[in-house]
Amino acid sequence: MDHSGDTSAPATATDVQPDGGAPERKRHVPPITIDNVVNKAALLKHLQEVTRVNLEAKLIGNKLRIFPQTAYAYNHIRRYITEKGLEAYTYMLPEEKKLRVVIRGLPTDMSTSEIISHLESQNITVEECHIMTSKRSGKPMPLFLINMEKTESNKKIFKVTNIGYMKVTIEALRPKYGPPQCFRCQGFFHNSKFCTSSPRCVKCAGEHLARDCVKPLSDKAKCCLCQGEHPANFLGCPMNPKNRPEQKKKENVVTPNNVATVFNTPAPPKANFWEARRKTTTPQQQPNPSTSKNSPQASSSTTEPDDDLFNQLKSPAVQETFKLLEEFIKIATTIPTKYGRLRAIQNLLRDEINF
C-alpha cells in the first residue's frame, strides 16, 4: 500500500480497530539526531514537507534531534539523510531488531554451513553465523554467534541441545559492559549501522575508519575523545559516560522577572559561633544575699556546682558498690551458662545480705 499521500495523523493507543478488536499497541519510533546543520528551523520545515507529517524536534547543543511519530516518517528522514549526505545517527526500529544467540560446545573447526543446515532442518532460519575470536589473542574460540529474525519459530533455538552429534548450550548474547559505542564516529549510545557522521579512527584519532588506519603497532594510540594515549574504546577513558561524576542538580527558581535564579548552599563559617560565645561570656555573678531568700530564681542560682565529685567517689559506700559490680562482671564473663550465673549471683547476694 502506498503511503506517500497519507496525510492523516498517526494512530494512537486509543484508536479502535475496524473489526472491533483490541486497540493496536503504539510502537516506539527512535529519534534521529542530525549534526552540523546551519539552518535547523529550515531543515525541520523541509522534512515536514517531505514526510507530510508534523515533526517535533529538540536542540542538543549544536545538534538537532527529531522525533518522528511513525515508522513511515522515520524511514523517509533516513532516506533523505543518506541522499543529502548529512551527518546523523539513530537507532534500529524495534521490529527490525535481530535475535542474537551464542552456541557453546562446538569445536572451532566446525563448518558454519553445517550449523546452519542443521538448524534449518528444525525450521530455524539463520541469517548469519560466524565463529567468535578472542580480543587478546585474536584466536578463534569455541563460540558461534547466530543472527536471525525474531520470530516464534526461531525462538525455538533455545530448546536445541545438540548439533552434529555434539551437545551444545545455546544462550542469548550478553550485552557488553558500559554504554554502546559507535565504531564509526566513536560516539556513545548508538552503533555504526545507523551512523553517517564523519569517521574518527579508534586508534589514532584520524578522520578515517579503523580499517584504513596505517598507524604502526609501535606507536602509541591516541584517543579522539580526550586526546589521551589510549584507544577511544578504552573503558577507562574519562569521556566514557560510565566514568563521569554525577552532576548535582541545581534548583532553579523562576523570579517575577522570569529570570532563573540558582540558589547555592552557603559555605560554612570559618569561626565556631558557640566556641566564640563561650570564650566571651563572663562567669556567672553571685546573687545578692538580701534577695536570695525571697526570690526562687536567686535561690536556684546560689547553689554552687559540685566540684568535689572525685572525693565522693572515694567514699566507702561508692567503693563498696564498685566492688560488687566487679563481682557481677566477673560472674558474667567467666560462667558460660545462664543457670550457673544465676546461682553465682544468688550466692553473692546471700553473702552480702547475710541471709
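Student: Let's start with the cysteines. Is Cys-213 buried or exposed?
Tutor: Cys-213 is buried, as its relative accessible area is 14%. Buried means under 20% relative accessible area, exposed means over 50%, and partly exposed lies in between, with a 1.4 Å probe and protein chains only.

Student: And what about Cys-204, buried or partly exposed?
Tutor: Cys-204 is partly exposed, with a relative accessible area of 23%.

Student: How many disulfides does the structure hold?
Tutor: It holds 0 disulfides. Cys-204 is in no disulfide, and its nearest cysteine sulfur, that of Cys-213, is 3.7 Å away. A disulfide here is a pair of cysteine sulfur atoms within 2.5 Å. In general, a disulfide is a covalent bond between the sulfur atoms of two cysteines.

Student: Before I go on, what am I looking at?
Tutor: This is a predicted model, in which local features need pLDDT of at least 70, side-chain atom pairs count only at pLDDT 80 or more, and totals for chains, interfaces and linings use all residues. Residues are numbered from 1 along each chain as its sequence is written, and side-chain values use heavy atoms, with hydrogens and water left out.

Student: Give me the overview. How many helices and strands are there?
Tutor: The protein chain has 9 helices and 12 strands. Both are DSSP runs numbered from the N terminus: helices are H or I with at least four residues, strands are E with at least two.

Student: What share of the residues counts as buried?
Tutor: 23% of the 355 residues in the protein chain.

Student: And contacts between residues at least 24 apart, what share are those?
Tutor: They make up 49% of the contacts between residues at least 6 apart in sequence. Contact means heavy atoms within 4.5 Å.

Student: On to α1. Which residues does it cover, and how far does it reach?
Tutor: Helix α1 covers residues 40-51, 12 residues in total. From first C-alpha to last it reaches 16 Å, close to the 16 Å expected at 1.5 Å a residue. The expected span is 1.5 Å times one less than the number of residues.

Student: Which residues of α1 are buried?
Tutor: Leu-43, Leu-44, Leu-47 and Thr-51. They sit on the same side of α1 because they cover an arc of only 100° around the axis. The arc is that of the directions from the helix axis to the C-beta atoms.

Student: Why do residues three or four places apart point the same way?
Tutor: An α-helix has 3.6 residues a turn, so such residues point the same way.

Student: What happens at the start of α1?
Tutor: A side-chain oxygen of Asn-39 comes within 3.2 Å of the backbone nitrogen of Ala-42.

Student: And just after α1?
Tutor: Arg-52 has a positive phi of about 60° there. Arg-52 lies in the loop between α1 and β2. Arg-52 is partly exposed, at a relative accessible area of 46%.

Student: Where is Tyr-165, and what is its phi?
Tutor: Tyr-165 sits in the loop between β8 (162-163) and β9 (166-167). Its phi is near 65°, a positive value in a residue other than glycine. Tyr-165 counts as exposed, at 84% relative accessibility.

Student: Switching to strands. How do β5 and β7 run?
Tutor: β5 (residues 98-104) and β7 (residues 140-149) run antiparallel, joined by 7 bridges. Strands pair if DSSP finds at least two bridges between them. Arg-104 stands opposite Leu-143 in β7.

Student: How many bridges join β6 to β7?
Tutor: 5 bridges, and β6 (residues 128-133) runs antiparallel to β7. Thr-133 has Pro-140 in β7 as its bridge partner. The two strands form a hairpin with 6 residues between them, and Gly-138 in the turn has a positive phi of about 80°.

Student: Last one: where is Ser-197, and what does it touch?
Tutor: Ser-197 is in the loop between β10 (169-172) and β11 (252-254). Ser-197 counts as buried, at 11% relative accessibility. Leaving out residues up to four places away in sequence, Ser-197 touches Glu-87, Ala-88, Tyr-89, Arg-184 and Cys-185.

Note on methods: A polar contact is a pair of N or O atoms within 3.5 Å; within protein, one must be able to donate a hydrogen and the other to accept it, and residues adjacent in sequence count only if both atoms are side-chain atoms.
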